[in-house]
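Take a look at the protein below. This report goes through its salt bridges, one of its helices and one of its strand residues.

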Amino acid sequence: MNQYKVKYKVLVLDDNRFFLDRLYPKICEINLKTNQYIIECICVLNRRDFINELQSGEYDLVIIDICIRDSDEQEVYDFLRRNMGVEFSGLDLYHEIKKCCPNARVFAMSNLPITHMRVAFNYNTNIDYFFKGGTMPVDEIARCVKTYFDTNMRRIRNNVFIVYGHNELMKKSAENFLGTLGLRAINLVDDSMSGIQSIYDALEDCANLADCAIILISGDDIAYNKNGFESYRARQNVVFEMGFFAGFLGRGKVMVLYEENNDFEFPSDIKGVFYIPYSNNGGWMLILREKLKKIGFELN
């Protein structure tokens, strides 16, 4: 039986390319040392790209140099470093991280002594601090990254898989609502591992990351019976994935959010699944929230 791995995402920000060139392969080497998870590491050199990355994806661990200098700010940063004795951009970056990825752990690094870094972050105990002037900072950071993921295999508990058709409004509404609850919506396109050879393998891969599935059923296709009667129905891949997750996770962990339509043809022979009518007034949100709480999710 194939062993599927949890995928963790790591984002690194440092304006020193030489340092990144040494740190990146050390983090990637962790994938060779464990069969429990796989790490996807992204490195960026400036604040703009860093913010864009934060906004585009959910990261589990973020590593930042606490003074990032853009080219047009080089002299200002150097002046502050020489005359103020502190790096000041780290706290701003930390707030951006928590705004975009509230569940991410933060590693902060600098050439400043760790005692100074603790002061800059108001003695925040949710941050790990690394002194870049040490003899082996790259190895130490990589070792701590591995230790963190070895002892914190808990991301599965905030992942909800979403199966969707062509109704983009339903998809966005569901994803945004899950975000307000502190949960992360995952899907087949964005979250299956690289190298997957079939749709079934990709589904199984994602199912191992999730603790429940929400199926979005909308009238995307038109069907005709032998008498020529016309009705709307869900995309066939949505129906298939609904049955897949009911079997993989158990029917009690599958919820169907469906578009109300008098001429809609419901999938048959899938009983025991929880159905919620979708409407623009948002009433489905209260029902979905209560169901997620009963399953065991800790919600905002």
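## Salt bridges

The structure holds 8 salt bridges. Keep in mind that this is a predicted model.

| Pair | Closest N and O atoms | Helix |
|---|---|---|
| Lys 99 and Glu 96 | 3.6 Å | helix 4 (residues 89–100) |
| Asp 150 and Lys 146 | 2.7 Å | helix 6 |
| Lys 171 and Glu 175 | 3.1 Å | helix 7 (residues 168–180) |

Take Lys 99 and Glu 96. They sit 3 residues apart in helix 4, so about one helical turn separates them. Lys 99 is exposed, because its relative accessible area is 59% and the cut-off for exposed is over 50%. Glu 96 has 23% relative accessibility, so it counts as partly exposed.

Asp 150 and Lys 146 are 4 residues apart in helix 6, which means a separation of about one helical turn. Asp 150 is partly exposed, with a relative accessible area of 36%. Lys 146 is partly exposed too, at 22%. Buried means under 20%.

What about Lys 171 and Glu 175: buried or exposed? Both residues are buried. They are 4 residues apart in helix 7, so about one helical turn lies between them.

Salt bridges can also link up into a network. Here, one such network joins Asp 14, Asp 65 and Lys 132.

Helix 6 covers residues 137–151, which makes 15 residues. How far apart should its ends be? At 1.5 Å a residue, the helix should span 21 Å.

Which residues of helix 6 are buried? They are Pro 137, Val 138, Ile 141, Ala 142, Val 145, Tyr 148 and Phe 149. Seen down the helix axis, these buried residues fall within an arc of 135 degrees, so they line one face of helix 6. On the other side of the helix, Arg 143 and Thr 151 are exposed.

What covers the buried residues of helix 6? The cover includes helix 1 (17–28). It also includes several strands: strand 1 (6–13), strand 2 (37–44), strand 3 (61–65), strand 4 (105–110) and strand 5 (127–131).

## A residue in strand 9

Now turn to Ile 222. It lies in strand 9, which runs over residues 221–224. Its relative accessibility is 45%, so Ile 222 counts as partly exposed. Which residues does Ile 222 touch, leaving out those up to four places away in sequence? The answer is Glu 230, Ser 231 and Tyr 232. Tyr 232 is 10 residues from Ile 222 along the chain, yet their C-alpha atoms are separated by 4.6 Å.

## The whole chain

The chain has 11 helices and 12 strands. Of its 300 residues, 45% are buried. Now consider contacts between residues at least 6 apart in sequence. Of these, 67% join residues at least 24 apart. The chain exposes about 15,800 Å². Carbon and sulfur atoms supply 49% of that area.

Key
Residues numbered from 1 in each chain as written. Predicted model: local features only at pLDDT ≥ 70, side-chain atom pairs only at ≥ 80, totals over all residues. Heavy atoms only, no water. Helix = DSSP H or I, 4+ residues; strand = E, 2+ residues; numbered from the N terminus. Buried < 20%, exposed > 50% of the residue type's maximum accessible area, 1.4 Å probe, protein only. Contact = heavy atoms within 4.5 Å. Areas by Shrake-Rupley, 256 points an atom, 1.4 Å probe, with all protein chains shown as cover. Expected span 1.5 Å × (residues − 1). Arc of directions from axis to C-beta. Salt bridge = Lys/Arg side-chain N within 4 Å of Asp/Glu carboxyl O.
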